[in-house]
Amino acid sequence: RLAGFESRPLTANLQPPVHSYVTEWHSIATSEPSVDPTLDLLAPSALSVCPEEALLLSEPPTLPSGDGSLVKLSVDRAARVAVLELNDPEHFNAISAEMADDMLRAVQWLRSQPPTRVKAVVLQGRGPHFCPGGNTHRLGRDTFKTSTAAARRSIDLFAGFVALRTLPVPVISAVHGTVLGGGMAIALLTDCIVAAEDATFQYGELSRGLTPAGLFTRSLSEMVGHATAMQLYLRDDKLS
């Protein structure tokens, strides 16, 4: 459940209305022309949450501060197109906590821009691969005092990517090479995927005993249907 679904057709015709996960944590004011770039996309709102969500929200954010080097943001002013580039080619753009923070800050900035400045966003990766999922080497070094803190980290890792769904403009993934696990999840969070001929898609986490993250179970089912999504998950098929 994520911020932005409330304004999309996904929930428009449901009775009673069903709120999504981060929508319960932060309500987007669509009537305002811009949003404070320092806005915390995971800030609690007045909407009620279940006890488990309240417990997670009691934990402070876990992301270290990024320096902006792992997600490059550029804007073609003539075309009014913003490009978000995953910029860790040495690790094939694997998701790390620092990259997650860079992405969150980049999306916060994009949300603050008027429609006259940015009319579309492209998400891409530098180097031979788009993204193979989480950087297990870096993430494996993290230690948490409680399981709640560890669960909060899993939310924080994808918060910036999930927030792409809240942008009021089309968001397109331009993918190539390996699109695996969390990399496939973040591609599915955009409105459209444009794939190079060498792109391969795979869930890839089942053999490692990892559960889907970044709304993967929902977004994949929306894309291909529940039965096909289950087949891709259980058989771990690779698509090319």
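Contact here means heavy atoms within 4.5 Å; axes are lines fitted to C-alpha atoms (for helices, over the stretch in contact), with angles from 0 to 180 degrees between N-to-C directions. Helices (H or I, at least four residues) and strands (E, at least two) are DSSP runs, numbered from the N terminus.

A word on what you have loaded: it's a predicted model, where local features need pLDDT of at least 70 and side-chain atom pairs pLDDT 80 or more, while totals for chains, interfaces and linings use all residues. Numbering starts from 1 along each chain as its sequence is written, and side-chain values use heavy atoms, leaving out hydrogens and water.

Next, pick out the open, mixed sheet: five strands, ordered β1-β2-β3-β4-β6. From one strand to the next, the twist averages 20 degrees. Pairing takes at least two DSSP bridges between two strands.

Zoom in on β3 (residues 120–125) and β4 (residues 171–175), which run parallel over four bridges. Show Gln124 and you'll find its bridge partner in β4, Ala174.

Now jump to α4, residues 147–162. Here 12 of 16 residues are buried (under 20% relative accessible area; exposed is over 50%, partly exposed in between; 1.4 Å probe, protein chains only). Among them are Arg152, Arg153 and Asp156, along with Phe158 and Phe161.

Notes:
Expected span 1.5 Å × (residues − 1).
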